[in-house]
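I opened this notebook to keep track of what I looked up in one model, entry by entry. The sequence and the structure come before the notes.

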Amino acid sequence: MLSMKERFDSPAFQEAYHCDVPLGAFCGARGTVFRLWVPTAQDVILRLYREGTGGGPMEQIPLRPEKRGLWTYITEKDLDGVYYDYLVTVDGETRSTADPYARACGLNGERSMIIDLSRTDPAGWPEDHAPPLPPETVIYEIHVKDFSWDPASGVPEAYRGKFKALCLEDTTLNGDGKHPTCLSYVKGLGVTHVQLMPVFDYGSVDEGGDPAAFNWGYDPVNYNVPEGSYATDPRDGAVRIRELKEAVQALHSNGLRVIMDVVYNHTYRLDSWLWRTVPWYYYRQKPDGTPSDGSGCGNDLATERSMCAQYILDSVLYWAEEYHIDGFRFDLMGLMDVPLMDRIRRELDRRWGRGEKLILGELWSAAETNAVPGTVLADKGHLANLDVQVSAFCDDTRDAVKGDLWSEDAAGFVNGGGLDAERLACCVKGWAGCTEGGVRAPSQTVNYLSCHDDWTLWDRLVMTGDLERRFQLCQPELLRQNRLAAAVNFTCQGHLFFLSGEEFARTKGGVKNTYASPAEVNRLDWSRAWENRELVEYYRGLLALRMRLPGLRDKTPEAAKRLLAVTVPAEDCGAVLVDNRGEGSPWKRLFMAYSAAKEGVSLPLPRGDWEILADARSSFAWREPCVVRDAAVLEPVSALILGQR
Ligand code: CA
């Protein structure tokens with residue numbers, strides 16, 4: 001007899017039970033239909049409730065088995081606003097479960113809710129659309145609670161840490177009317193996309209508990225429902241939906257696209273709605289039958305199984321369609337498989353146009369996974385197998401600039417770790433063509449120096465540059481390193497990405513991973529944003545300049561040919577010459593030099609006149625450029641970007 005695992009993996013099972021009708025509960029004036037996929041069930045009972053938590057069921061109704069493992073119930077009643085769950089009996093064991101396909105839920109996601117989604121649309125929602133696709137992608141990563149938790153943000157207390165705070169367009173530091181915070185600050189920064197850390201319903205924060213409770217949220221409970229702790233009322237299932245839509249609408253109308261961080265590689269617990277509905281089907285197992293744990297979170301989803309793949313694809317398309325989401329960042333994409341990632345790419349392109357929706361992800365996992373043998377994982381070894389418009393976080397440039405992530409004391413180029421010509425060339429090319437089976441074009445690369453994971457860029461610089469580790473203190477030498485790091489990162493080919501606050505020397509006090517640290521540690525410190533406004537200005541100038549540099553924005557496989565020359569006269573100093581011809585640029589060539597030396601460095605220049613576009617002091621020099629020729633002087637620990645007409 002086949003084991004359950006062998007049965008689920010067999011082509012015969014897929015042949016018999018793959019089912020691509022819309023699953024979940026759908027209501028309207030003509031009635032309500034429930035569809036659940038449970039090929040292994042002997043019995044399924046629907047329970048209806050008045051409330052999202054507590055109280056007994058109003059009604060219990062058996063579902064009817066149909067073909068392909070589908071169970072259904074159809075009623076003439078419009079059950080909009082009614083809560084529900086299921087009793088599923090498999091192998092003689094009966095378990096209660098919420099609907100894994102739920103699109104609304106009650107407090108803490110314990111019960112699902114039937115919802116007429118049209119009543120969750122804010123005013124003007126049908127007219128909501130993303131701003132036009134920008135010439136470059138600059139992604140700014142935020143966490144809903146981090147963003148407005150600081151009382152100095154000027155956000156009214158009732159909205160702090162909520163979706164509602166993302167809608168406020170004129171907040172200022174302590175309400176002083178002068179110094180923009182939150183959305184009014186971000187829209188002036190020059191970023192094009194805001195990436196929201198998990199906003200689907202996650203399990204680590206009690207939605208009815210302490211408002212200060214904090215978690216990053218990489219622990220999915222209901223994949224297709226927004227998180228309740230970010231809503232002003234987590235008990236009414238419609239509120240969180242409307243408020244997330246309002247936030248997307250506000251970001252769109254302020255010129256920002258929205259990327260959602262999605263975590264389809266594992267669930268909060270193995271004992272999830274997916275598991276309770278079809279035990280084991282959605283999960284990988286080790287040969288001994290225990291759950292695979294490549295995520296380091298206790299379980300891995302079996303993305304290679306057809307109904308699991310369908311589940312993930314449907315979920316992505318749902319967020320794009322219903323919430324107007326413009327891109328998806330796949331957590332531990334290295335646990336997902338290449339055919340599924342390519343299929344998601346294809347289906348998004350088919351509906352919204354090629355490349356309109358971004359896909360980016362992490363090319364790694366926490367540990368080895370137990371996928372079906374032969375599964376090609378979307379990991380670092382298989383980037384070349386992926387669609388050229390599936391992008392990945394580039395750990396190589398990250399580590400080259402600020403030091404190896406796995407060692408506390410390791411330094412990168414800006415903090416004294418040195419650089420060689422080959423590495424510099426690869427960084428500038430977004431690593432296209434630099435490794436066997438790796439990046440094919442800079443469209444696959446996301447350049448970053450900081451994200452929510454690990455130390456902030458600033459904390460890293462303090463750890464390698466200040467023996468006393470004074471994280472709050474903004475020391476000039478470290479600010480220079482920060483500027484240089486940003487200049488390197490923002491002059492590499494590929495997409496650009498940074499953690500919110502990197503531009504004002506954000507510190508988490510040296511704590512490496514703050515996923516469960518208090519909101520106080522994680523929150524954006526808006527006073528610091530003002531104190532470090534010169535660093536913010538430097539970021540702003542670099543991003544504005546980037547929009548004028550087609551040689552760096554080029555995402556095609558030919559982009560690497562634009563790198564004309566590389567010189568590394570000393571290991572703490574290097575320069576590159578780049579072909580910058582293209583629309584919107586007065587400069588045919590760029591000469592970009594980087595120095596981590598403690599003394600000034602004089603570098604010979606290629607022939608002709610060169611305009612200073614950015615130097616140690618200003619990244620807005622390009623607005624009124626001085627001209628230099630023959631040689632240029634780089635100040636200690638600084639970048640110099642020159643353009644030739
Ligand atoms: Ca939740």
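This is a predicted model: local features need pLDDT of at least 70, side-chain atom pairs count only at pLDDT 80 or more; totals for chains, interfaces and linings use all residues.

Residues are numbered from 1 along each chain as its sequence is written, and side-chain values use heavy atoms, with hydrogens and water left out.

Which residues coordinate the calcium ion? I found Asp-201 (OD), Tyr-202 (O), Glu-207 (OE) and Glu-227 (OE), at 2.2 to 2.3 Å. Donors here are N, O and S atoms within 2.8 Å of the metal (3.2 Å for Na, K and Ca), and water is not among the atoms, so sites may look incomplete. Along the sequence, I noted the donor spacing as D-Y-x4-E-x19-E.

**Barrel.** I next followed the eight strands that close into a barrel, in the order S10-S11-S14-S15-S16-S17-S18-S19, with parallel pairing. From one strand to the next the twist averages 30 degrees, where axes are lines fitted to C-alpha atoms and angles run from 0 to 180 degrees between N-to-C directions. Strands are DSSP runs (E, at least two residues) numbered from the N terminus, and two of them pair if DSSP finds at least two bridges between them. Between strand S10 (residues 138-142) and strand S19 (residues 495-499) I recorded four bridges in the parallel sense, with Phe-498 in S19 as the bridge partner of Tyr-140.

**Strand S7.** Is strand S7 (residues 83-90) mostly covered or mostly open? It is mostly covered, since eight of its eight residues are buried. I listed Tyr-83, Asp-85, Leu-87 and Thr-89 on one side and Tyr-84, Tyr-86, Val-88 and Val-90 on the other, all of them buried. Strand S3 (residues 41-49) runs antiparallel to S7 and is joined to it by eight bridges, and Arg-47 has Asp-85 as its bridge partner in S7. S7 also pairs antiparallel with strand S9 (residues 112-113) over two bridges, where Tyr-83 stands opposite Met-113. Strand S8 (residues 93-97) is antiparallel to S7 as well, through five bridges, and there Tyr-86 stands opposite Thr-97. S7 and S8 form a hairpin with two residues between them, and I noted a positive phi of about 50 degrees at Asp-91 in the turn.

**Largest pocket.** Of the 25 residues that line it, the closest to its centre are Ser-295, Leu-332, Glu-362, Ala-366 and Asp-453. A pocket is an open set of points on a 1 Å grid over the protein atoms alone, where a 1.4 Å probe fits, with protein on both sides within 12 Å along at least five of seven lines, and lining residues have an atom within 4 Å of a point. I sorted the lining into eleven nonpolar, seven polar and seven charged residues, with Ala, Val, Leu, Ile, Met, Phe, Trp, Tyr, Cys and Pro as nonpolar, Asp, Glu, Lys and Arg as charged, and the others, Gly among them, as polar.

How values were computed: Buried means under 20% relative accessible area, exposed over 50%, partly exposed in between (1.4 Å probe, protein chains only).
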